[in-house]
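The following paragraphs lead the reader through a predicted model. Please keep the sequence and the structure in view while reading.

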Amino acid sequence: MSTANRITTYTADVSICSQICRLAVQEHGLSDAEDVSVDIEYAMENYDPWFVRIQPSMTVPVMRYGDATIGDSKDILFFLADKHPEAGLYPADARAAIDVFINGFYDSFMAIGVFTFGNLVSKSDSLKRFILQGKTDVTLAKLEALSRDPELAEAAHAKLEQIKLRDFSLLDNPQLLANVETQIQVLLDTLDANLADGREFAVGSSYTLADIVATALLARVHFIKADSLFTPRLAAYWQGMQARPSFLSANVCDTWEKTLMAKQYETFLADGA
Ligand SMILES: N[C@@H](CCC(=O)N[C@@H](CS)C(=O)NCC(=O)O)C(=O)O
């Protein structure tokens, strides 16, 4: 890779949009890219000044590609497909269908977040305390510190306004969890239907950007529910995606044990929290 196109991604292991970013990099054949892990669960490094200077929205993923900075996973998919058409992940004859599939996923992005954290906080009181400590106490303390930095105060205030709208107290509400699971089921049903008649890929006849998104979706569903929501067709597709080299190299997190979050949680418990 030329220095001009040096690629660095900043991602969090378990974050679904980070997994999309890492898969996109690997599936475009960019194995020289560097990945910097950003802890968004425990130390909340996404609120550290060095990161906020790269990504004022304080979210992962973000990708530096040469001089360009792309701070959204969906934009990263299309940016890489445009820069690396030789990978063939956004073929002209399947573009409309790929767009429909990807937009369906991103339209349910909020539901996927609630599905993830709602189920995690419902598992145990201590896991709930761990999650709330990072996402509220540590977050607020770090934003408070950022708001005293003249260079970053504006970004800190904007983020604080967004955070005020979050209500974690509802996360383990059974009705809410049932509603988001219904939305996830719609995504799974769509993928299942696309795989009918022996079709191997999420859209069309070859691996595309849609499969990157589908892999991240199935990994998240598996992370929370193991394979209980997989039909035989989804299970076969999932096996095929797991067999791809990108599954390992992109660190797809499909079980709790594989995650950095699990290790952070152990530290949290050991610290007697
Ligand atoms: N639309 C953005 C969403 C980015 C986003 O919400 N990232 C989450 C992780 S999946 C995050 O960084 N959350 C940390 C926070 O807001 O504290 C994308 O797809 O990249």
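In which sense do strand S1 and strand S3 pair, and over how many bridges? Strand S1 (residues 7-11) and strand S3 (residues 62-65) are joined by four bridges in the antiparallel sense. Strands here are DSSP runs of E with at least two residues, helices are runs of H or I with at least four residues, and both are numbered from the N terminus; two strands count as paired if DSSP finds at least two bridges between them. Within this pair, Ile7 lies opposite Tyr65 of S3. Residues are numbered from 1 along each chain as its sequence is written. Because this is a predicted model, local features need pLDDT of at least 70 and side-chain atom pairs count only at pLDDT 80 or more, whereas totals for chains, interfaces and linings use all residues.

S1 also pairs with S2, in the parallel sense and over four bridges. Here Tyr10 has Val36 in S2 as its bridge partner.

The four strands form an open, mixed sheet in the order S2-S1-S3-S4. Strand S2 (34-37) and strand S4 (68-70) are at the edges with a single partner strand each, so one side of each has no neighbour in the sheet. From one strand to the next, the twist averages 15 degrees; angles run from 0 to 180 degrees between N-to-C directions, with axes fitted as lines to C-alpha atoms, for helices over the stretch in contact. H1 packs on this sheet and touches S1, S2 and S3, its direction making about 155 degrees with that of S1. Contact between two residues requires their C-beta atoms, placed from the backbone, to lie within 7 Å.

Attention now turns to the ligand. The residues around the ligand are Ser15, Ile16, Cys17, Ile40, Asn46, Met58, Thr59, Val60, Pro61, Asp72, Ser73 and Lys74, where a residue is near a molecule if its C-beta atom, placed from the backbone, lies within 6 Å of it. Helix H1 (16-27) and helix H3 (73-83) are the elements that give two or more residues to this shell.

Helix H10 (residues 232-242) has the buried residues Tyr237, Trp238 and Met241. Buried means that 20 or more other C-beta atoms lie within 10 Å of the residue's own, exposed that 12 or fewer do, and partly exposed anything in between, with C-beta atoms placed from the backbone. The face turned away from the buried side of H10 carries the exposed residues Pro232, Ala235 and Gln239.
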